[in-house]
Amino acid sequence: MKEALREGLTYEFRYTVPADKTVPYLYPEASELGSMPKVFATGFLVGLIEWTCIQAINPHLDTPKEQSVGIGVNLTHTAATPAGFTITVKIKLEKMEGRKLTFSVAANDGVDEISTGVHERYIINAESFNKKVAQKADAHTGAQTNK
């Protein structure tokens, strides 16, 4: 982590919603979602906010050695956004506690404020993190084989 990563960092990202980021596409295998309105899905909204925060901090990390993972999400999703609208996400790094980063978040679709809240990320050593995930997967595979 570079010294330039500091509380107060702001970032803005714009994203035009394609049809395949609407609710029916969130989990195509879920028939219950297939008949839902074709508006920007909350699940994709969370991903968009994560993406925005990643873009904001990556220049301040020793990538690819350092990366960040989401560890907390507390967001509203208060207005429907049809495909074709452009969403503007604005984030601010409010707090740094070692490797834990807390962002305030606001998103607007040009007509309505669609989301506000807080997103937390944690800076990881990618090699160490991936090794632990592989060990977890191996242990799970071994446990399934022994059943």
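Is Phe13 buried or exposed? Select Phe13 and you'll find a buried residue, at 14% relative accessible area (buried is under 20%, exposed over 50%, partly exposed in between, with a 1.4 Å probe and protein chains only).

Before going on, some ground rules. This is a predicted model, where local features need pLDDT of at least 70 and side-chain atom pairs count only at pLDDT 80 or more, while totals for chains, interfaces and linings use all residues. Numbering starts from 1 along each chain as its sequence is written, and side-chain values use heavy atoms, with hydrogens and water left out.

**Stop 1**

A pair of aromatic rings is described by the distance of the centres and the angle of the planes. Here, rings of Phe, Tyr and Trp (its six-membered ring) pair if their centres lie within 6.5 Å; planes under 30 degrees apart are stacked, over 60 edge-to-face, and the rest tilted. Searching the whole structure turns up 2 aromatic pairs. Phe13 and Trp51 have ring centres 4.7 Å apart and planes at 65 degrees, so call that one edge-to-face. Phe13 sits in strand β1 (residues 10-16) and Trp51 in helix α2 (residues 42-57), so this pair ties together parts 38 residues apart in sequence. (Helices, H or I with at least four residues, and strands, E with at least two, are DSSP runs numbered from the N terminus.)

Now check Trp51 itself: at 40% relative accessibility, Trp51 is partly exposed. Its pair with Tyr15 has centres 5.8 Å apart and planes at 75 degrees, so that is edge-to-face too. Tyr15 is in β1 and Trp51 in α2, 36 residues apart. Tyr15 is buried, at 17%.

**Stop 2: a charge over a ring**

Jump to Lys21, which lies over the face of Phe44, 5.4 Å from the ring centre. The criterion is NZ of Lys or CZ of Arg within 6 Å of the centre and within 35 degrees of the ring normal.

**Stop 3: the sheet**

Switch to cartoon and trace the open sheet of 5 strands, ordered β1-β3-β4-β5-β2 with antiparallel pairing (strands pair if DSSP finds at least two bridges between them). β1 and β2 (66-75) are at the edges with a single partner strand each, so one side of each has no neighbour in the sheet. Between β2 and β5 (residues 113-125) there are 9 bridges, running antiparallel. Select Gly70 and look across to Arg121 in β5, which stands opposite.

**Last stop: Thr102**

Thr102 lies in β4 (residues 100-108) and is buried, at 13%. Beyond its neighbours within four places in sequence, its contacts (heavy atoms within 4.5 Å) include Leu93, Val118 and His119.
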